[in-house]
Amino acid sequence: MGKIIAFNTFIEVKHLFINIHILAGVGEHPGQKRGKALQDLGIIQDAFLLTNHGLIEDYGEMKSIDFNEYAPAEVQDVSGQCILPCWVDSHTHLVFAGSREDEFVDKLKGLSYAEIAAHGGGILNSAKKMQEMDEDELVKISLHKLNELIKLGTGAIEIKSGYGLTPAAELKMLRVINKLKELSPIPVKASFLGAHTYPVHYRENHDGYINEILTEMLPVIAEQKLADYVDVFCETGFFSPEETKTICKEAAKYGMRPKLHVNQLNSIGGIEAGIELNALSLDHLETLTTNDIELLGSFEGGATLLPTAAFFLRMPYQPARALIDAGAAVTLASDYNPGSSPSGNMNFVAALSCIQMKMLPEEVINAGTINGAFALGLQNEVGSISKDKKANFIITTAVPSLAYLFYSFGSNHIAEVWINGEKFHS
Ligand code: NIG
Ligand code: FE
């Protein structure tokens, strides 16, 4: 790790990083990276980076640096190390009340999903724990989880509700997410996922629950400004494309754009519904027909792949290469949740995307940073090393190349994480 070689006590707001082996993700980004352009990762070898008051002020080649122009700044020599923008994790369920490793072990012993559900497992298990947990306790454990992710390089995040499933518990979850917005140094976006599954008392009365979402949840959430986006689990046995449209059209009246769970297990028309609803992103995408891939190729929003969910559930991975070839705005996120992806480590998401989906190192960085930022409407704040964006970046350990970060999976290659121009400590 480089050491501080100059120091100015009265201006600690300017930081100058010098001798950066590779500075990645630089440049301006008018739109998401698609097709061949997903490989275009702005790179400067032997670079410098200057931050000022929490923002990126300048960057360039070491040979063009003028120390007088940038003084006084705290200077850090990072010879041999790389700097890349922090991950933007655009799909998580980070707020949950308990883990589900019992279920995990039951599955290892051969129990089926249906048997686990019959024993009160799955989303309903998480909902029961959520309904019982005290709000302050929930804030405390969620903030701890969020800080763990920041240490792993996540510099902006989306968090969904969806483990409440009653008006009181959904509102509690959203208040917790909004509390994290206040307490955390990174941008947090909240999505309302009341339509995650049907609560037990509405199992035989789906319309009754949808009506509760429309009349008792959405208006209060809008009034209290608790959600930025709306989400629905559009899937056989959960919410149909028609039900998805009903919920999202109502949410649109309050200005909430959809980011939807579609095509995880079945292709039932979720993509068509999402396109019609002007979704900001369509997420999961394990199960795609040729027509779905074509539709996503010309879809304006993000096509968000969650490979750790496929990994954990032992499902086929998302067809990343076909989606990239079709021109989709391929985005990577963790899906961090207790049931299908009990890890929010974006470094593992990136490695898995290379190893199992044959994405290139440059592609996974773009998909997990700038395209993630677009999938959260945060493209002007985070997702790249661009002038006036937040100084949220990862300083790696000394590595020979960017490819090494994902090839040598499982090792910790993060030396420091900087958020708003300050080294992150929790
Ligand atoms: O995104 N598929 C729907 N929801 C979550 C999993 C929920 C759970 O099992 O707790 C997901 O994978
Ligand atoms: Fe999810």
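A residue is near a molecule or strand if one of its heavy atoms lies within 4 Å of that partner. Around ligand 1 there are 14 such residues, and Arg-100, Tyr-163, His-196, Gln-264 and Ser-340 come nearest. The model is a predicted one: local features need pLDDT of at least 70, side-chain atom pairs count only at pLDDT 80 or more, and totals for chains, interfaces and linings use all residues. Residues are numbered from 1 along each chain as its sequence is written, chains are lettered from A and ligands numbered from 1 in the order in which they are written, and side-chain values use heavy atoms, with hydrogens and water left out.

Confidence comes next. pLDDT is the predictor's confidence in each residue, from 0 to 100. The protein averages 95, and 97% of the residues score at least 70. Over residues 1-11 the pLDDT is below 50. Beyond near neighbours in sequence, that stretch has 18 contacts in the model, a contact being heavy atoms within 4.5 Å.

Several polar side chains approach ligand 1. A polar contact is a pair of N or O atoms within 3.5 Å; within protein, one must be able to donate a hydrogen and the other to accept it, and residues adjacent in sequence count only if both atoms are side-chain atoms. Arg-100 places a polar side-chain atom 2.8 Å from an oxygen atom of ligand 1. For His-261, an N or O atom of the side chain is 2.9 Å from an oxygen atom of the ligand. His-284 also has a polar side-chain atom 2.9 Å from a ligand 1 oxygen.

The iron ion (ligand 2) is coordinated by His-91 (NE2), His-93 (NE2), His-261 (NE2) and Asp-335 (OD), at 2.1 to 2.2 Å. Donors are N, O and S atoms within 2.8 Å of the metal (3.2 Å for Na, K and Ca); water is not among the atoms, so sites may look incomplete. The sequence spacing of the donor residues is H-x1-H-x167-H-x73-D. His-93 lies in the loop between β7 (87-89) and α2 (101-108), and His-261 in strand β11 (residues 257-262), so the pair ties together parts that are 168 residues apart in sequence. Helices (H or I, at least four residues) and strands (E, at least two) are DSSP runs, numbered from the N terminus.

Buried means under 20% relative accessible area, exposed over 50%, and partly exposed in between (1.4 Å probe, protein chains only). His-93 is buried at 2%, and His-261 at 4%. Asp-335 is buried at 1%. Asp-335 is found in the loop between β14 (329-332) and α13 (346-357). Its phi is near 60 degrees, a positive value in a residue other than glycine.

Backbone geometry stands out elsewhere. Most residues other than glycine have a negative phi, and most peptide bonds are trans. Lys-225 has a phi near 50 degrees. This lysine is found in the loop between α7 (206-223) and β10 (229-234), and is exposed, with a relative accessible area of 67%. The peptide bond from Ala-71 to Pro-72 is cis, with omega near -5 degrees. Pro-72 lies in the loop between α1 (67-70) and β5 (74-77).

Helix α14 (residues 361-368) contains Glu-363, which is buried at 0% relative accessibility. The side chain of Glu-363 makes a polar contact of 2.8 Å with the side chain of Arg-321. A polar atom of the Glu-363 side chain also lies 2.8 Å from the backbone nitrogen of Leu-360. Not counting residues up to four places away in sequence, Glu-363 touches Leu-38, Gln-39, Arg-321, Ile-324 and Lys-358.

In helix α4 (residues 123-132), the buried residues are Ile-123, Asn-125, Ser-126, Ala-127 and Met-130. These pack against α2, α5 (135-151) and α6 (167-183).

Cysteine pairing was also examined. A disulfide is a pair of cysteine sulfur atoms within 2.5 Å. The count comes to zero disulfides. Cys-82 is buried at 0%; its sulfur is 14 Å from the closest cysteine sulfur, in Cys-354, too far for a bond. Cys-248 is buried at 2%; its sulfur is 8.9 Å from the closest cysteine sulfur, in Cys-234, again too far for a bond.
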